[in-house]
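Biologist: I have not worked with this structure before. Can you take me through it?
Modeller: Go ahead and ask as you look.

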Amino acid sequence: MKKSILVICALFSLSACSLFPPPYKVPVSQGNIVTKDQLAQLKVGMTQSQVLYLLGTPLLRDTFKPDIWHYLYTTKYATPDTPKSAAPKLTLIFKDGTLTKIQND
C-alpha cells in the first residue's frame, strides 16, 4: 500500500512540471554590427588598417584568400516558432592592401 501511494505521488509531482511555462532561452547573436554611418564612411581606396579601425575585425577572413574580408551578423533564436533573422553580409575585397570593391547585401 505504501509503495502504491509513493508511486502515485511521484507521478503527480512529475506531471505537475509540465504545467509551468518553458524556461526563457536567450537569443544568440554573432558577428559584426555594421551601422549605416560606418558604411557611409567606408570608401574605396582605404587601407586595411583604416578599415580595421572603422569596422573592427572581420568575422571571416579566408586563409587562402586573405584579401577578402566578410562581415556577417546573425541572430539565432532557441524556439522554433520565432522568425529567423536575415544575415546581413558585407564583403570587402582588397588588392595590395587597399580596398578595391565593396559588396553589400
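Biologist: Which residue in β5 is the bridge partner of I93?
Modeller: K101 is the bridge partner of I93. Before going on, note that this is a predicted model, where local features need pLDDT of at least 70, side-chain atom pairs count only at pLDDT 80 or more, and totals for chains, interfaces and linings use all residues. Residues are numbered from 1 along each chain as its sequence is written, and side-chain values use heavy atoms, with hydrogens and water left out.

Biologist: How do β4 and β5 pair, and over how many bridges?
Modeller: They pair in the antiparallel sense over six bridges. Strand β5 covers residues 98-104. Two strands pair if DSSP finds at least two bridges between them. Strands are DSSP runs of E with at least two residues, helices are runs of H or I with at least four, and both are numbered from the N terminus.

Biologist: What sits between β4 and β5?
Modeller: Two residues, and the two strands form a hairpin. D96 in the turn has a positive phi of about 55°.

Biologist: And β3 with β4, how many bridges there?
Modeller: Five, in the antiparallel sense, between residues 68-76 and residues 89-95. W69 stands opposite L92 in β4.

Biologist: Step back a bit. How many helices and strands does the chain have?
Modeller: Three helices and five strands. Along the sequence the pattern reads α-β-α-α-β-β-β-β. Of the 105 residues, 17% count as buried, meaning under 20% relative accessible area, with exposed being over 50% and partly exposed in between (1.4 Å probe, protein chains only).

Biologist: Which residues make up the largest nonpolar core?
Modeller: There are 11: L42, M46, V51, L54, L55, W69, Y71, L90, L92, F94 and L99. α3, β3 and β4 each supply at least two residues of this core. A nonpolar core here is a set of buried Ala, Val, Leu, Ile, Met, Phe, Trp, Tyr and Cys residues joined through side-chain atoms within 4.5 Å.

Biologist: What does V51 touch?
Modeller: Not counting residues up to four places away in sequence, V51 touches L42, M46, G56, W69, Y71, L92, F94 and L99. Contact means heavy atoms within 4.5 Å.

Biologist: Which residues of α3 are buried?
Modeller: V51, L54 and L55 are buried. They cover an arc of only 75° around the axis, which puts them on the same side of α3. That arc is taken from the directions from the helix axis to the C-beta atoms. On the other side of α3, S49 and Y53 are exposed.

Biologist: What covers the buried ones?
Modeller: The cover includes α2, β3, β4 and β5.

Biologist: What follows α3?
Modeller: G56 does, and its phi is positive, near 90°.

Biologist: How many aromatic pairs turn up in the whole structure?
Modeller: One. W69 and F94 form a tilted pair, 4.5 Å centre to centre with 55° between the planes. Rings of Phe, Tyr and Trp (its six-membered ring) pair if their centres lie within 6.5 Å; planes under 30 degrees apart count as stacked, over 60 as edge-to-face and the rest as tilted.

Biologist: Which parts does that pair tie together?
Modeller: W69 lies in strand β3 and F94 in strand β4, so the pair ties together parts that are 25 residues apart in sequence. Both W69 and F94 are buried.

Biologist: Which side chain does H70 join through a polar contact?
Modeller: That of T91, at 3.3 Å. A polar contact is a pair of N or O atoms within 3.5 Å; within protein, one must be able to donate a hydrogen and the other to accept it, and residues adjacent in sequence count only if both atoms are side-chain atoms.

Biologist: Last one: V44, buried or exposed?
Modeller: V44 counts as exposed because its relative accessibility is 55%. V44 lies in the loop between α2 and α3. Leaving aside neighbours within four places in sequence, V44 is in contact with L99, T100 and I102.
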